[in-house]
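Hi everyone, thanks for making time. I'll walk you through one structure today, a piece at a time. Have a look at it first.

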Amino acid sequence: MKKKPLHNKKNKFTRKQFIVLIVCIATGFMIGYSYKLTKDEVKVNTSYLEQEESYREDLISQKERNKELIEELIALQTKRREYEKTFAENEEDYDHLLQEADKLRLLLGEIPAYGEGIRVILKDSEYDPNSPNPNDYIVHESHVFAVINELKISGAEAITVNGQRIKTDSFIRCNGPVITIDGKQFPAPFVIEAVGDAKALHTSLKIVGGVFDQLLNDRIVVTIEESSLIEMPSINDNDEGVS
Amino acid sequence: MWLPFLGLLLGLALGLLTDIHIPAVYENYLSIAVLAALDTLFGGIRANLQQVYDDKVFLSGFFFNIALAAGLAFLGVHLGVDLYLAAIFAFGVRLFQNIAVIRRILITKWEERHIKKDENAV
């Protein structure tokens with residue numbers, strides 16, 4: 001069997017040993033290689049599993065987060081709905097307040113008034129030779145007062161005399177043949193306009209023994225007309241006119 | 001005696017250090033080839049101990065067994081029959097037989113040496 005020595009015989013490196021060496025190397029290589037492959041595979045598998053696990057955990061945490069967010073969303077939506085509800089209520093209140101404020105401003109005369117109303121025109125009657133005193137047949141401030149008072153009582157929202165808005169602190173003074181309203185002089189005829197329920201105003205003026213009768217009694221020419229739209233300026237416009 | 005172990009260690013180191021990747025399909029073949037190689041190796045050791053060792057038989061057995069096992073596995077994969085089991089079974093049985101024979105021979109040798117020693121001592 002020891003036919004061909006490959007090297008010198010000192011090392012006793014025979015053919016048999018060479019073959020054994022080769023076979024051993026090959027076997028060792030295969031064993032080592034397959035061991036490594038298996039190890040790699042296991043590693044890959046474990047890493048894959050770990051990855052999967054981590055992904056799953058991520059997914060779970062994401063789902064939990066989603067759930068939390070959805071709950072938060074629902075809570076916020078409910079809150080918002082409540083806000084809207086209260087806001088709507090507030091808005092109604094606000095509307096009421098606004099209307100009230102408008103009404104008050106209207107009464108104060110701070111804003112222009114317009115709407116259904118009544119117009120009362122007071123004129124001096126024709127010259128009467130029988131009565132020597134002209135005071136008997138001219139319009140006095142008391143007549144204007146009476147009309148204004150009656151209109152106010154009947155619920156007039158705004159009143160003007162010859163276009164001059166009557167305020168809460170307006171004054172009317174007799175000044176001979178003219179009357180002075182807030183420092184402005186106005187001659188006859190006096191046009192008293194009032195915004196309000198025209199019918200009610202008209203009726204209240206024409207009550208038997210009321211203002212209308214008294215005016216007629218004082219021989220004043222009174223014209224009452226209902227108007228579907230009466231416009232009157234605000235006091236600020238009047239002030240501008242004064243200055 | 002140290003040469004085969006040295007070769008084995010060298011081969012192991014080479015196998016562990018190589019960074020070649022083979023498709024996963026052929027890993028089955030490799031495991032069978034490992035089994036075949038081990039079988040041949042132990043067969044060689046047994047033959048050597050039994051004084052019937054032959055280079056040609058050893059070398060051809062080594063490569064032929066590996067090729068046959070791999071071929072069987074390949075055929076099995078393509079036929080849908082687990083033929084590699086046959087190879088594993090055959091090589092496994094032979095591996096155990098070989099190892100058993102080696103063990104018996106070694107024991108006999110050791111006993112012979114022991115008896116000789118005893119005789120010398122006596």
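Let's start with one pair of residues: A:Arg119 has A:Glu225, in strand β8(A), as its bridge partner. Before I go on, keep in mind that this is a predicted model.

β1(A) and β8(A) run antiparallel, and 10 bridges join them. β1(A) also pairs with β7(A), again antiparallel, through six bridges. If you want a spot to look at there, find A:Val120, which sits opposite A:Ile192 of β7(A).

Now step along to strand β2 of chain A, residues 158-161. Four bridges tie β2 to β7, residues 190-195, and the two run antiparallel. A:Ala158 faces A:Val195 of β7(A).

So what order do the strands of chain A come in? The sheet is open, with five strands that go β3-β2-β7-β1-β8, and the pairing is antiparallel. Because β3 (164-165) and β8 (221-232) of chain A each have a single partner strand, they are the edges, and one side of each has no neighbour in the sheet.

Helix α2 of chain A, residues 141-153, lies across β1 (113-123), β2 and β7 of chain A, and it runs at about 10° to β7(A).

Okay, on to the two chains together. How many residues of each chain are in contact? It's 21 residues of chain A with 29 of chain B.

Helix α1 of chain A, residues 15-108, packs with helix α3 of chain B, residues 55-79, at an angle of about 15°, and the axes are 10 Å apart. The crossing is left-handed. Who meets whom? From α1(A) we have A:Arg15, A:Lys16, A:Ile19 and A:Val23, and from α3(B) we have B:Asp55, B:Phe58, B:Leu59 and B:Phe62. By class, this contact has five nonpolar residues, three charged and no polar ones.

Last stop, chain B and its record. The unreviewed UniProt entry lists residues 28-45, 57-77 and 83-106 of chain B as "transmembrane region". In the model, residues 57-77 of chain B are 100% helix and 0% strand, with the end C-alpha atoms 29 Å apart. For residues 83-106 of chain B, the figures are 96% helix and 0% strand, and the end C-alpha atoms lie 35 Å apart.

That's my tour, so over to you.

How values were computed. Residues are numbered from 1 along each chain as its sequence is written. Chains are lettered from A and ligands numbered from 1 in the order in which they are written. This is a predicted model: local features need pLDDT of at least 70, side-chain atom pairs count only at pLDDT 80 or more; totals for chains, interfaces and linings use all residues. Two residues are in contact if their C-beta atoms, placed from the backbone, lie within 7 Å. Axes are lines fitted to C-alpha atoms, for helices over the stretch in contact, and angles run from 0 to 180 degrees between N-to-C directions. A crossing is left-handed if the near helix is turned anticlockwise from the far one by less than a right angle, and right-handed if clockwise. Ala, Val, Leu, Ile, Met, Phe, Trp, Tyr, Cys and Pro count as nonpolar, Asp, Glu, Lys and Arg as charged, and the others, Gly among them, as polar. UniProt positions are given in the numbering used here, feature names are shortened, and annotations may be inferred rather than shown by experiment. Two strands pair if DSSP finds at least two bridges between them.
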